[in-house]
Amino acid sequence: MAELFALLDPPYPQIQVRRDQARSLDLRHPWVYLTALRKPPKNLPPGSLVDLTAEDGRFLVRGYFNDQSQIAVRVLTFDPAEVIDAGFFGARLAAAHARRAAVRAGDTTAWRLCFAEADLLPGLIVDVYGEWVVTQLLTAGMEAWRPVIVAALAKLLAPRGIFDRSDGEDRRRHEGLEPHSGVAYGEEPPAEVEYREHGRRFLADLRGGHKTGAYLDQRDNRLAVAAHAAGRRVLNAFAFTGGFGLYTATAGAAEVVHVDSSAPALELCLRNLALNGIETGQELCCDNVFDALRRFRQEGRRFDLVILDPPKFAAGRAQVDRALRGYRDLNQHALRLLEPGGMLATFSCSGAVDAPTFQKTLAGAALSNSQTVQIVQTLGQPADHPLLLSFPEGAYLKGLVLRVVS
Ligand code: SAH
């Protein structure tokens with residue numbers, strides 16, 4: 001594999017960047033496109049460390065290089081004295097761990113330890129599920145440090161096992177890397193691992209489930225939405241393994257209809273409900289949400305609270321228009337199942353769709369239904385999925401809790 005040959009020892013090759021790019025790095029943006037390099041080096045192995053300099057030779061940043069990716073350099077440090085070695089990775093991961101103290105305190109055993117750029121380790125995702133750790137190494141620059149990262153995590157967390165899930169999304173392909181999945185350290189996690197989230201119990205499939213096994217990023221939003229659930233008829237669309245619907249059930253919802261097109265996800269949803277002692281008022285529906293919403297409408301079925309947490313509709317800018325049509329259609333049909341006073345909690349995890357655009361799309365959906373709708377709460381990413389002020393591209397998750405007022 002190419003990463004075996006990455007050059008990782010100082011002195012690091014120097015590459016000059018164009019003037020406008022120097023400005024972007026001065027603003028602490030962590031990405032450099034290939035076109036911003038004045039003379040991209042030939043034959044530098046993917047993952048190699050480089051120093052970027054301004055046209056006058058001034059040091060700008062140190063990072064890793066991959067000319068197979070559109071983002072040719074990702075920044076590791078703005079400090080010329082910082083050497084990239086095992087100590088560097090150990091310190092960055094320990095700092096990220098320390099920053100999660102508040103997340104770990106709240107009867108929550110599953111949390112994101114490292115969120116790539118936001119934790120100053122671009123290309124690295126680390127999720128913790130109790131005594132298990134799941135990693136995603138998404139770039140050649142991180143792949144080159146795989147043994148070092150695994151050793152640092154083993155030392156920091158003393159887990160039963162570390163499982164690598166660098167198999168999802170297309171991110172690795174854009175880097176010229178093959179998908180990879182398997183035990184990286186210790187034992188293999190069992191088919192179902194139990195974790196707690198705000199005191200609720202969940203089972204996850206860390207080896208094969210979506211992402212690293214669960215959608216940890218919605219943890220706080222589930223709590224916010226459940227605050228409106230007592231005594232209500234709830235529609236939990238895009239239910240996955242329970243998530244929002246399970247929270248609303250524990251918060252006293254009168255009934256919850258969970259809809260998802262994945263049968264294995266719904267099976268786990270049922271088990272998760274039982275695990276939390278929820279035995280009544282639950283309906284599981286294996287269906288396409290778009291079809292289910294139309295069918296409920298035809299049947300004259302009504303809900304007091306609808307939750308829409310769909311998968312990513314736009315993978316990039318080219319798909320934004322199509323994604324917006326999807327969001328509009330989905331939300332319009334969901335809003336039609338609500339009477340005045342009814343609520344919709346609606347989400348988008350498409351990074352290419354920003355919050356104002358999402359909100360405008362929802363306004364269009366409400367207008368088409370001749371409904372007046374208020375925003376009750378604005379939701380986003382939790383503390384373990386932070387956002388750098390200098391890297392707005394890291395914002396992807398947005399949600400609105402809406403109420404139909406007339
Ligand atoms: N709300 C969940 C996470 C949802 S992830 C939670 O809180 O954990 C998105 C889910 O949508 C996945 O489970 C996927 O199986 C499902 N899905 C994707 N497209 C769908 C469709 N058209 N109809 C129904 N379910 C769909």
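# Learning to read a predicted model

Colleague: I have started with Ala152, which has its place in helix H5 (residues 146–157). Is Ala152 buried or exposed?

Modeller: Keep in mind that this is a predicted model. For burial, we look at the relative accessible area, and buried means under 20%. Ala152 has a value of 14%, so it counts as buried.

Colleague: Let me try a strand. Where is Leu137 found, and is it buried or exposed?

Modeller: Leu137 is found in strand S8, which covers residues 132–137. Its relative accessible area is 2%, so Leu137 is buried. For another distance exercise, pair Leu137 with Leu275: they are 138 residues apart in sequence and 32 Å apart in space, C-alpha to C-alpha.

Colleague: How do I read a polar contact? Which side chain does the side chain of Thr77 contact?

Modeller: Look for a pair of N or O atoms within 3.5 Å. The side chain of Thr77 makes such a contact with the side chain of Glu82, at 2.6 Å. Thr77 itself is in strand S5 (residues 71–77), and Thr77 counts as buried because its relative accessibility is 3%.

Colleague: Can you show me one that involves the backbone? What does the side chain of Asn272 reach?

Modeller: The side chain of Asn272 reaches the backbone nitrogen of Leu203, at 2.7 Å. Asn272 belongs to helix H9 (residues 263–275). With a relative accessible area of 0%, Asn272 is buried.

Colleague: Now the rings. How many aromatic pairs are there?

Modeller: Two rings pair when their centres lie within 6.5 Å. By this rule there are 12 aromatic pairs. One is Tyr195 with Phe202, where the centres are 5.6 Å apart and the planes make an angle of 15°, so the pair counts as stacked, the class for planes under 30 degrees apart.

Colleague: Which charged end sits over the ring of Tyr247?

Modeller: That is the charged end of Arg200, 4.3 Å from the ring centre. You can find a second case at Phe296, where the charged end of Arg295 sits over the ring, 5.4 Å from its centre.

Colleague: What about the backbone? Which residues does a cis peptide bond join?

Modeller: Check omega here. A cis bond joins Pro10 and Pro11, with omega at about 0°. Pro11 is in the segment before strand S1 (14–16).

Colleague: And phi? What is the value for Asn43?

Modeller: Asn43 has a positive phi of about 65°, although it is not a glycine. Asn43 lies in the loop between strand S2 (31–33) and strand S3 (49–53), and it is exposed, with a relative accessible area of 77%. Ser370 also has a positive phi, near 55°, and is likewise a residue other than glycine. Look for Ser370 in the loop between helix H12 (355–368) and strand S18 (373–379). At 66% relative accessibility, Ser370 counts as exposed.

Colleague: Let's finish with the ligand. Which residues come nearest to the ligand?

Modeller: There are 16 residues around the ligand, and Arg222, Phe238, Asp260, Val289 and Asp309 come nearest. Sorted by class, this shell has seven nonpolar, five polar and four charged residues.

Colleague: Which atoms of the ligand lie 3.0 Å from Arg222, 2.7 Å from Asp260 and 3.1 Å from Ser261?

Modeller: For Arg222, a polar side-chain atom lies 3.0 Å from an oxygen atom of the ligand. For Asp260, an N or O atom in the side chain is 2.7 Å from an oxygen atom of the ligand. For Ser261, a polar backbone atom is 3.1 Å from a nitrogen atom of the ligand. As for cover, the ligand on its own has 580 Å² of accessible area, and the protein covers 89% of that.

Key. Residues are numbered from 1 along each chain as its sequence is written. This is a predicted model: local features need pLDDT of at least 70, side-chain atom pairs count only at pLDDT 80 or more; totals for chains, interfaces and linings use all residues. Side-chain values use heavy atoms; hydrogens and water are left out. A residue is near a molecule or strand if one of its heavy atoms lies within 4 Å of it. A polar contact is a pair of N or O atoms within 3.5 Å; within protein, one must be able to donate a hydrogen and the other to accept it, and residues adjacent in sequence count only if both atoms are side-chain atoms. Accessible areas come from the Shrake-Rupley method with a 1.4 Å probe; for residues, only the protein chains shown count as cover. Ala, Val, Leu, Ile, Met, Phe, Trp, Tyr, Cys and Pro count as nonpolar, Asp, Glu, Lys and Arg as charged, and the others, Gly among them, as polar. Rings of Phe, Tyr and Trp (its six-membered ring) pair if their centres lie within 6.5 Å; planes under 30 degrees apart count as stacked, over 60 as edge-to-face and the rest as tilted. A charge sits over a ring if NZ of Lys or CZ of Arg is within 6 Å of the ring centre and within 35 degrees of the ring normal. Helices (H or I, at least four residues) and strands (E, at least two) are DSSP runs, numbered from the N terminus. Buried means under 20% relative accessible area, exposed over 50%, partly exposed in between (1.4 Å probe, protein chains only).
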